[in-house]
Amino acid sequence: MEKSGFFNSSGGDRLYDAADFAGYFSKLITSGIFYTAASNLQVTPGSGMSLSVAAGSAWIKGYAYENTDALQLNLSTADGVKPRIDRVVLRLSAAERSVYLAVLTGTPSDNPAAPALTRTNDTYELGLAEILIPKGAVSVVAQNITDTRLNQALCGLVNSLVSAVYE
């Protein structure tokens, strides 16, 4: 099937939806965070078992995200016997037609690992941070937060426009 666009409609012959525009922009702008400030979507300790995610913006698969104020995310209660690693993600959900912050709760283990990112056609996640939750913890400390925003495999920075074309 051939497709072209974007042209003005004449009598309703041109109908475009968000997926058409996202597909177009995803070819020109890579997924990641915009690095307008070092604190863009940075995860820091909140009070007790909560985190604060700083204001910032990102781009995922052609869809925009902006958080204009610090946002609080709550973590599950720590296990009393084993540590775990949680992951803070920015999630694109096609089914929910939304991009939002979420916490992936890890599994308590003697050798904990962060939960895997979901990257399917319906759900795509960028990993912003990993949080070590020691056994019996009642609060989060900065030393237990690993910033993964600049890790290209997990999140990375937005790169715009075509730097090279290979076919």
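**Salt bridges and buried residues**

Glu 125 and Arg 91 form a salt bridge, with their closest N and O atoms 2.8 Å apart. Glu 125 sits in strand 9 and Arg 91 in strand 7, so this pair ties together parts that lie 34 residues apart in sequence. The model is a predicted one. Its protein chain has one helix and ten strands.

**The chain as a whole**

- The protein chain has 167 residues, and 35% of them count as buried.
- Along the sequence, the pattern is α-β-β-β-β-β-β-β-β-β-β.
- Take the contacts between residues at least 6 apart in sequence: 60% of these join residues at least 24 apart.
- The accessible surface is about 10000 Å². Carbon and sulfur atoms account for 51% of that surface.

**The Glu 125 and Arg 91 pair**

- Glu 125 has a relative accessibility of 2%, so it counts as buried, the cut-off being under 20%.
- Arg 91 is buried too, with a relative accessible area of 16%.
- Strand 7, which holds Arg 91, covers residues 84-93.
- The two side chains also make a polar contact, at 2.8 Å.

**Other salt bridges**

- The structure holds four salt bridges.
- One of them joins the side chains of Glu 130 and Arg 87, at 3.1 Å from N to O.
- Glu 130 lies in strand 9 (residues 123-133) and Arg 87 in strand 7, so this pair links parts 43 residues apart in sequence.
- Arg 87 is buried, with a relative accessible area of 6%.
- Asp 147 and Arg 149 meet through their side chains in a salt bridge of 2.7 Å, N to O.
- Asp 147 counts as partly exposed, at 40% relative accessibility. Arg 149, at 4%, counts as buried.
- Side chains of opposite charge can pair when their charged atoms come close.

**Met 49, a buried loop residue**

- Met 49 lies in the loop between strand 2 (43-45) and strand 3 (50-53).
- Its relative accessibility is 16%, so Met 49 counts as buried.
- Leu 73 is 24 residues away from Met 49 along the chain, yet their C-alpha atoms are separated by 8.8 Å.
- Met 49 touches Leu 73, and also Asn 74, Leu 75, Ser 76 and Ala 78, among others.
- Its contacts also include Ile 133, Ala 137, Val 138, Ser 139 and Val 140.

Note on methods:
Residues are numbered from 1 along each chain as its sequence is written. This is a predicted model: local features need pLDDT of at least 70, side-chain atom pairs count only at pLDDT 80 or more; totals for chains, interfaces and linings use all residues. Side-chain values use heavy atoms; hydrogens and water are left out. Helices (H or I, at least four residues) and strands (E, at least two) are DSSP runs, numbered from the N terminus. A polar contact is a pair of N or O atoms within 3.5 Å; within protein, one must be able to donate a hydrogen and the other to accept it, and residues adjacent in sequence count only if both atoms are side-chain atoms. Buried means under 20% relative accessible area, exposed over 50%, partly exposed in between (1.4 Å probe, protein chains only). Contact means heavy atoms within 4.5 Å. Accessible areas come from the Shrake-Rupley method with a 1.4 Å probe; for residues, only the protein chains shown count as cover. Lists of a residue's contacts leave out its neighbours within four places in sequence.
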